[in-house]
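Reader: I have a structure on my screen and would like to walk through it with you. Could we take it one question at a time?

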Amino acid sequence: MLNYNSPINNQINYNGISVKELSPIMKLSLRGKKREFFTTVGKHLDMILPTEANTSSSSSKLTSIWLSPDEWMVVSNEEIEKDTNKYDLEENLYNSISKTSLGAVVDVTDQFVMLELEGANIYELFSSGSPFNFNEFKEKKGSTTQTLLNNIDVIIHNKGENLVNLFVRRSFSEHLYSWINDSASRL
């Protein structure tokens, strides 16, 4: 997180849609299958990793997002300091999981940009650029999906009624943000 430069420097507000970057937010990728992996992760996170497809689980400080049967993204619910790139949680998980060959822990904080979208028209915006059917998704708080939005891979997490977090790779974030800005202005 040192020398952090965001490609997104403003907030979008159009037609009932508000979009802003949430930064800096710690993001970790966890991979593993063994029973000991789940036990160890549960002790460190104070939550159980979701095992059902396209779901998430949350505690007061963290949210874990199911990505595949053996992969999760763990995201901090709070902003972190910008002047550091060391996280106690990452170090503890790395020592308990990666070093003991139970699985893998990778810091993906700088790899993904996290956008918060809020408003009554966010699913109309998504539907204009994604093949995914959001009808059931928008009704289930905590649901997640990996899909394409304007031909860009994204992860979308339903945080509540008309509130989502969207994760996009940093290299595509400025392009996606520009598309969201343009599309939201036309709704």
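Predicted model: local features only at pLDDT ≥ 70, side-chain atom pairs only at ≥ 80, totals over all residues.

Reader: How many bridges join strand 10 to strand 11?

Author: Strand 10 covers residues 152–160 and strand 11 covers residues 163–169. Asn158 stands opposite Val164 in strand 11. The two strands run antiparallel, and the number of bridges joining them is six.

Reader: Thanks! In what order do the strands of the open sheet lie?

Author: Let's build it from the pairs. Strand 1 and strand 2 run antiparallel with three bridges, and Ile12 stands opposite Val19 in strand 2. Strand 2 in turn pairs with strand 8 in the antiparallel sense over four bridges. The open sheet has six strands, and their order is 1-2-8-11-10-9.

Reader: Which strands stand at the edges, and why is one side of each left without a neighbour in the sheet?

Author: Good one to check against the order 1-2-8-11-10-9. Each edge strand has a single partner strand, so one side of each lacks a neighbour in the sheet. The edge strands are strand 1 (12–14) and strand 9 (144–149).

Reader: What angle does the direction of helix 4 make with that of strand 11?

Author: Helix 4, residues 170–186, packs on the sheet and touches strands including strand 1, strand 2 and strand 11. Its direction makes an angle with that of strand 11 of about 135°.

Reader: How many of the five residues of strand 2 are buried?

Author: Buried here means under 20% relative accessible area. Strand 2 is mostly covered by that criterion, and the count of buried residues is four.

Methods: Residues numbered from 1 in each chain as written. Heavy atoms only, no water. Pairing = 2+ DSSP bridges. Contact = heavy atoms within 4.5 Å. Axes fitted to C-alpha atoms, helices over the stretch in contact; angles between N-to-C directions. Buried < 20%, exposed > 50% of the residue type's maximum accessible area, 1.4 Å probe, protein only.
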